Amino acid sequence: MSSFQVRFPVQVIFGKGELRRVGEVAKGFGKKAFLAIDPFIKNSGVGEEIKGYLKREQVEALVYDEIRPNPPYDKVDEAASLAKEEGCDMVIGVGGGSAIDTAKAVAVVVGSGGSSWDYVQRTDHQVAQLKETTLPIIAVPTTAGTGSEATLYAVLTNPKIKEKSTIINPRIFPKVSIVDPELTVSMPPALTASTGFDALSHAIESYINVNSNPISELVALDSIKLLSRYLPGAVTNGENIEARSKVAWAATLAGVAISHAGTVLPHAMGQPISGLYDAPHGGTIAACFVRIMEYSFISNLEKFAAIAEAMDESVSTLSVRQKAEKSIELLKRLLKDINLNVSFGTYGVQREDVPKLVDIVLKGFKQDVDAHPRKVGKEEIEKLYCECI
Ligand SMILES: NC(=O)c1ccc[n+]([C@@H]2O[C@H](COP(=O)([O-])OP(=O)(O)OC[C@H]3O[C@@H](n4cnc5c(N)ncnc54)[C@H](O)[C@@H]3O)[C@@H](O)[C@H]2O)c1
Ligand SMILES: [Fe+2]
């Protein structure tokens, strides 16, 4: 067995109704919170509810609801100036990955100065160092997808160059995450499907990642199991709190998995589409996922066989090769069941964009490319892009 490391410093409070604990949690980190909250969630009444819980514990909230999907780094920098001026002691991110990542990046800039873009991982600049003074982060997810509540990542967009990149640092693991599945009930079917598929992609990509380890594999397989069984139910009946709970937990587990072994080629190829076209994250991953898996399963039949078994235990009597092939069929079936039928063309991608996209992949997502189980270079990535339009 090779060496590995387990690191999960996040306190997760999971369960229906646990949002009420946000005041008691925040009290442990100071007296004033920068509350980065998704505008839909704020207006649904949850904003007032959270302010009430905070007030009860004498924590003041500076409400910031200018959350943009695929958060632009310059908006984040403005938000950080506000948080700094107002002397906030902590950040609370309430919403999907965009709200939580905005909160994380604000915590970074308030604590370490400069611009949030200075901290993203890219091969074309020197990545700035985070200081110990990074503000404490509390995460409250309202989508069940990104797993940002359990990760050391914050994904930002640079609107000037239309590219997306990620801050990767253990200092941005949330101190506490409150995962209350009730908050996800308001998601419409299409959003449930695309965010839920993002979670499944995290579980599968971390599992097949060449850097996976026993802990990431363990949690990834459980996440795959839960999502295969419960995501279709959460899509067709959003009020089904049992299905919502299983999907929310699976998304958090998949976050744990990608924090130990990152994502691979689907994320490397999907994320640049969000940067160029402001397309929804989960959709861009779904657009290329099956094609990339078809191309890749041959590289590790055992792992793809285990994925098939996690998705549907009735395959257990098949041979390893048959199971591995079956994993592709099961993925196609799941996408059909959740009615998620997208291609890169759906988001406006054209063939002439491909060379630029490949360039972004190799500059901003090299780590994911290098960790993919089947080795790919410029030409293969270019071909896969063309096939997914
Ligand atoms: N930090 C990480 O570890 C990590 C991992 C994967 C992806 N990401 C990033 O997260 C972002 C995507 O996050 P996302 O997919 O959660 O979407 P999002 O946060 O961009 O939100 C998408 C939409 O859903 C709405 N919404 C949120 N919660 C809702 C609810 N309960 N009911 C109804 N509508 C709701 C929002 O108002 C918004 O319109 C991307 O930028 C992606 O790159 C981060
Ligand atoms: Fe993702």
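A residue is termed buried when its relative accessible area is under 20%, exposed when over 50%, and partly exposed in between (1.4 Å probe, protein chains only). The model is predicted, so that local features need pLDDT of at least 70 and side-chain atom pairs count only at pLDDT 80 or more, while totals for chains, interfaces and linings use all residues. Residues are numbered from 1 along each chain as its sequence is written, and side-chain values use heavy atoms, with hydrogens and water left out.

Thr142 is buried, with a relative accessible area of 4%, and lies in the loop between strand 5 (137-141) and strand 6 (153-158), where helices (H or I, at least four residues) and strands (E, at least two) are DSSP runs numbered from the N terminus. With contact taken as heavy atoms within 4.5 Å, and residues up to four places away in sequence not counted, Thr142 touches Ile41, Val94, Gly95, Gly96, Leu183, Thr184 and Met187.

In helix 14 (residues 378-388), the buried residues are Ile381, Leu384, Tyr385 and Cys388. Seen down the helix axis, these buried residues fall within an arc of 105 degrees, so they line one face of helix 14, the arc being that of the directions from the helix axis to the C-beta atoms. The face turned away from the buried side carries the exposed residues Glu379 and Lys383, whereas the cover over the buried residues of helix 14 includes helix 8 (265-277), helix 9 (281-296), helix 12 (354-364) and helix 13 (366-370).

Key: Chains lettered and ligands numbered in written order.
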